[in-house]
Amino acid sequence: MDYKMDSGWRLHPIGGDTGQAYMGTRAEERVFLKRNSSPFLAALSVEGITPRLIWTKRVGNGDILTAQEWLNGRELNPNEMKGETVRDILHRIHHSENLLKMLQKVKGEIFNPINFYNLYVADLPDDLKSNSVLQQATEYVKNSIASIDDSQKTVCHGDVNRKNFLLDEEDRLYLVDWEMVKIADPFSDISTLLVQYVPYEEWGVWLEQYGLQMNDNMERRLEWYSMMVCLCMIKKSHSQERNVEMNQLILLLKQLYQNRLNSYL
């Protein structure tokens, strides 16, 4: 897309789900450009959670472009997602009063359990509606909303996926792609990571290393969000025809539902 930028900058699309990311080049300079990023990006840059923000610019069509430091690096592999550095960066985000105040200041979206539930049931395909495992789990999370609706909310990334972690050449880890940031229960982020990357029998160890001393309230929230995450990921896998992944998630959901009255620890 031609933004007719001044000063000799050229934009080169670099893919991604949103189609809004570019490499900007000018002579020997390179920056990472994104259009219409969250205004929360400046606070994340100051905290060192994302690559350094260089400038923000409004272009002719009204879009806002943000330029960040271009870093050579790689995304994490699935096994690395269980590691200490990922736990630490999530812990920093979930416990930062400054980030929470900044997100509230820019009117960050507040997500309650009913919002997660409504995302799942909206336009749900008929074959998923008729699946008995999904039916049972859906009914259970719906009926349980009231019991977990009073939890303290924090800054949540909203898309904890290995492709959103950037490890640079100096082994510094960054969390990028904040378009789904929200003020929500941190167990929504935690469950997203656990469901995708940590074997169920290792969840207790991961939670302890994260710094949680689980109680009944926390276990109910973990139970609810892990089932909700499974449901949403099953829906996404179905839409993308990733049937092997979908069936694996259904098996995990069945295990979570059957074990719902037991401790994770």
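Mentor: Let's start with Asp185, which caps the N-terminal end of helix α7. Keep in mind that this is a predicted model.
Trainee: How does Asp185 cap α7?
Mentor: One of the side-chain oxygens of Asp185 sits 2.9 Å from the backbone nitrogen of Phe187.
Trainee: And what's the span of α7 from its first C-alpha to its last?
Mentor: α7 covers residues 186–197, 12 residues in total, and reaches 17 Å. That's close to the 16 Å expected at 1.5 Å a residue.
Trainee: How many of its residues are buried?
Mentor: 11 of the 12, so to speak a mostly covered helix. Among the buried ones are Pro186, Phe187, Asp189 and Tyr197.
Trainee: Switching topic: is Ser144 buried or exposed?
Mentor: Ser144 counts as buried, because its relative accessibility is 12% and the cut-off for buried is under 20%. You'll find Ser144 in helix α6, residues 132–144.
Trainee: What does the side chain of Ser144 have within reach?
Mentor: A polar atom of that side chain lies 2.7 Å from the backbone oxygen of Tyr140.
Trainee: OK, strands now. Which ones pair with β8?
Mentor: Strand β6 (residues 73–75) pairs with β8 in the antiparallel sense over three bridges, with Glu75 bridging to Leu166. Strand β9 (residues 173–175) also pairs antiparallel with β8 over three bridges, and there Leu167 partners Leu173.
Trainee: What's between β8 and β9?
Mentor: Four residues, making a hairpin; Asp171 in the turn has a positive phi of about 60 degrees.
Trainee: Which β8 residues are on each side?
Mentor: Phe165 and Leu167 are on one side, Leu166 and Asp168 on the other, and all are buried.

Conventions. Residues are numbered from 1 along each chain as its sequence is written. This is a predicted model: local features need pLDDT of at least 70, side-chain atom pairs count only at pLDDT 80 or more; totals for chains, interfaces and linings use all residues. Side-chain values use heavy atoms; hydrogens and water are left out. Helices (H or I, at least four residues) and strands (E, at least two) are DSSP runs, numbered from the N terminus. The expected span of a helix is 1.5 Å times one less than its number of residues. Buried means under 20% relative accessible area, exposed over 50%, partly exposed in between (1.4 Å probe, protein chains only). A polar contact is a pair of N or O atoms within 3.5 Å; within protein, one must be able to donate a hydrogen and the other to accept it, and residues adjacent in sequence count only if both atoms are side-chain atoms. Two strands pair if DSSP finds at least two bridges between them.
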